[in-house]
Amino acid sequence: MSTNDEISEVRIMKGNEALAEAAFRAGMQAYFGYPITPQSEVIEYLMKEQPKHDCVVLQAESEIAAINMVFGAAGAGARVMISSSSPGISLMMEGISYMTSAELPCLIVNVQRGGPGLGTIQPSQGDYFQATKGGGHGDYRLIVLAPASVQEMADFVFEGFRLSEKYRNPAMILADGALGQMMEKLTLPPAGSLPYVDKPWATTGKPAGKDRRIITSLFIQPEKMEQVNLHLQEKYRQIQAEEVRFEEYGVEDADIVLVAFGLVARICQKTMQLARKKGLRVGILRPITLFPFPSQRIAELAPKLEAIVTVEMNAGQMLEDVRLAVEGRCPVHFKGRMGGMIPSPDEVLEAVEAIAEKRNFELSR
Amino acid sequence: MEIPPLTNGFELVYKKPRTLTETPMHYCPGCGHGVVHRVLMEVVDEMGIQDKTIGVAPVGCSVFAYDYMNVDMQEAAHGRASAAATGIKRVLPDRFVFSYQGDGDLAAIGTAETIHVVNRGENILMLFINNAVYGMTGGQMAPTTLLGMKTTTSPFGRESGLAGHPLKITNLLAQLPGAYYVTRQAVHTAAAVRKLKKAIQLGFQYQSLKKGTCFIEVVSNCPSGWKMTPTDSNKWLEENMLPMYPLGDLKTPARSMN
């Protein structure tokens with residue numbers, strides 16, 4: 001099949017492959033990674049297609065080495081991506097913390113699997129805390145995008161690179177094993193549509209007559225370290241003010257709103273259909289950015305609702321952010337599955353019906 | 001002819017290269033780091049590659065190397081300087097890239113990166129300062145600490161049953177096909193410094209050939225960590241370190257062609 005990446009193109013692809021192809025089209029200049037299920041198709045696709053592109057693709061000896069290669073390449077000004085799944089992302093946390101402090105842009109992809117520990121290779125959203133609260137040491141945030149389709153696996157590569165370079169901060173695509181493995185129709189964005197930005201801070205060789213550039217996360221004097229932290233916090237406030245993204249379905253007349261991200265938001269769409277047939281006025285709020293979180297919108301909705309149900313593939317992690325946003329203005333319930341299990345629309349519906357009838361229900365099983 | 005500037009009435013005949021900054025070094029009196037920094041930057045200056053050189057500093061005593069070296073630099077996580085250097089070199093293949101690491105950084109926490117960077121034959125220069133002790137954290141045992149050598153974490157002397165043997169990582173690396181030039185040098189005498197400078201020159205020159213990794217171990221001292229005067233530490237180095245870590249080339253391009 002001949003392809004022309006200069007134009008947008010309709011294809012049927014796995015999420016992992018769509019993400020990889022989108023990375024080339026988004027002008028990625030380097031990728032470093034290490035195989036791990038369920039996202040190994042990313043590096044496999046990149047290796048196979050690399051000869052057609054001007055891009056470094058390198059399999060590192062570990063996730064630790066890979067993230068530090070990303071550090072070096074990003075510091076040298078390249079547009080860099082790295083991908084892994086939950087246990088591998090844990091190994092990268094030190095490097096990610098360093099990159100936030102040194103203000104290096106990069107795109108990190110976590111195709112989550114069930115944990116803790118070596119866990120399972122089945123899909124999960126168990127890394128929400130790790131992704132949105134920092135994850136490594138120190139006070140920092142990542143810009144976190146949560147795709148819900150193969151289309152968004154591709155689109156968010158562009159958005160992730162763009163936001164990370166705009167704010168000089170690592171961005172993360174927080175997907176899951178199902179999104180990585182499932183095939184869907186998508187429209188691939190055209191290559192060359194994401195312009196490169198100037199990076200005068202990059203270490204490309206000290207220009208004659210100008211100061212040398214230093215990429216560092218070491219600020220040994222506490223006064224200086226505090227200034228760096230204040231600067232980072234100001235940046236995160238700006239991101240919170242300007243970059244919140246979410247989607248809503250049927251919240252206008254809703255009594256109960258389901259808050260769900262990623263794959264679970266699509267499951268909840270079916271639940272919403274079923275509930276509406278039964279006369280229950282159910283809506284959905286789907287956070288697309290998990291940091292920044294759409295707290296303000298949730299706070300606006302809360303006083304008008306009978307209840308909010310947070311639905312996740314974990315033990316209730318985003319639930320805490322929803323409760324912080326609601327601040328007691330309506331009851332907030334939780335329905336979840338863990339360990340690689342995916343909730344069915346029917347079991348979410350059972351929870352919704354129980355809440356509507358003010359019955360007790362099993363929170364998670 | 002350029003008239004040499006006068007300093008306090010004296011003619012300045014030996015000055016620091018432009019590639020070193022004005023920042024006073026924080027190293028202890030007698031430490032080898034300052035000498036290695038100077039020799040390294042002399043070579044960058046003399047080769048005229050200041051605008052094409054990117055260095056990576058480690059975690060350890062030389063964590064502030066970028067304060068002294070007047071080239072573009074990155075500060076890597078502990079043990080990962082060679083991985084960061086890999087990232088730089090892969091996206092900027094025409095630049096001169098070096099990493100600068102101590103024994104704990106390169107041969108303990110960063111062993112995997114060290115071996116795989118050389119195994120891939122990354123076209124970088126790796127400098128390895130071996131003073132057999134963790135200097136910055138206060139003199140703890142390093143992978144290269146000699147048997148019987150007392151440190152704060154081997155207070156009765158390093159004992160192989162508990163802590164293994166001194167790791168001759170340079171010898172290991174010389175076995176790898178990706179290594180192009182592997183040598184062990186020192187800075188305890190003027191003659192040793194001159195030899196080190198020659199090795200660093202080769203390390204940068206070979207980088208343009210894109211034939212593999214150049215690796216230079218520098219056997220150095222740590223007067224503070226060893227609890228000795230600088231003079232005594234150099235004597236101790238010669239009598240104790242050099243028998244374990246003998247100086248000389250371990251792999252040269254001519255031999256690697258055989």
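Tutor: Strand β11 (residues 256–259) of chain A is joined to β14(A) by 4 bridges, and the two run parallel. Keep in mind that this is a predicted model. Within that pairing, A:Leu258 stands opposite A:Val309 of β14(A).

Now take β14(A) itself. This strand covers residues 307–312 of chain A. Is it enclosed or open? Of its 6 residues, 5 are buried, so β14(A) is largely enclosed by the rest of the structure. For that count, a residue is buried if 20 or more other C-beta atoms lie within 10 Å of its own.

Which strand does β14(A) join through 5 bridges? That is β15 (residues 332–336) of chain A, and these two also run parallel.

The path between β14(A) and β15(A) involves a helix. Helix α11 (residues 318–326) of chain A makes a right-handed β-α-β unit with these two strands.

Next, the contact between the chains. Chain A gives 33 residues and chain B gives 30. On the chain B side, the elements that give two or more residues are β3 (53–57), β4 (72–75), α3 (81–91) and α5 (111–119). α3(B) gives the most, with 8 residues. By class, this side of chain B has 15 nonpolar, 7 polar and 8 charged residues.

Strand pairing also links the two chains. β9 (residues 214–215) of chain A pairs with β4(B) in the parallel sense, over 2 bridges. There, A:Ile214 has B:Met73 as its bridge partner.

Finally, chain B as a whole. It has 11 helices and 11 strands. Its radius of gyration is 18 Å, close to the 18 Å that the globule rule gives for 258 residues, so chain B is as compact as a globular protein of that length. Its C-alpha trace spans about 65 × 45 × 35 Å along the principal axes. Of its 258 residues, 52% count as buried. Take the contacts in chain B between residues at least 6 apart in sequence: 67% of them join residues at least 24 apart.

Terms used:
Residues are numbered from 1 along each chain as its sequence is written. Chains are lettered from A and ligands numbered from 1 in the order in which they are written. This is a predicted model: local features need pLDDT of at least 70, side-chain atom pairs count only at pLDDT 80 or more; totals for chains, interfaces and linings use all residues. Two residues are in contact if their C-beta atoms, placed from the backbone, lie within 7 Å. Ala, Val, Leu, Ile, Met, Phe, Trp, Tyr, Cys and Pro count as nonpolar, Asp, Glu, Lys and Arg as charged, and the others, Gly among them, as polar. Two strands pair if DSSP finds at least two bridges between them. A residue is buried if 20 or more other C-beta atoms lie within 10 Å of its own, exposed if 12 or fewer, and partly exposed in between; C-beta atoms are placed from the backbone. A crossover is right-handed if, with the strands pointing away from the viewer, the path from the first strand over the helix to the second runs clockwise. The radius of gyration is taken over C-alpha atoms; the globule rule is 2.2 Å times the number of residues to the power 0.38.
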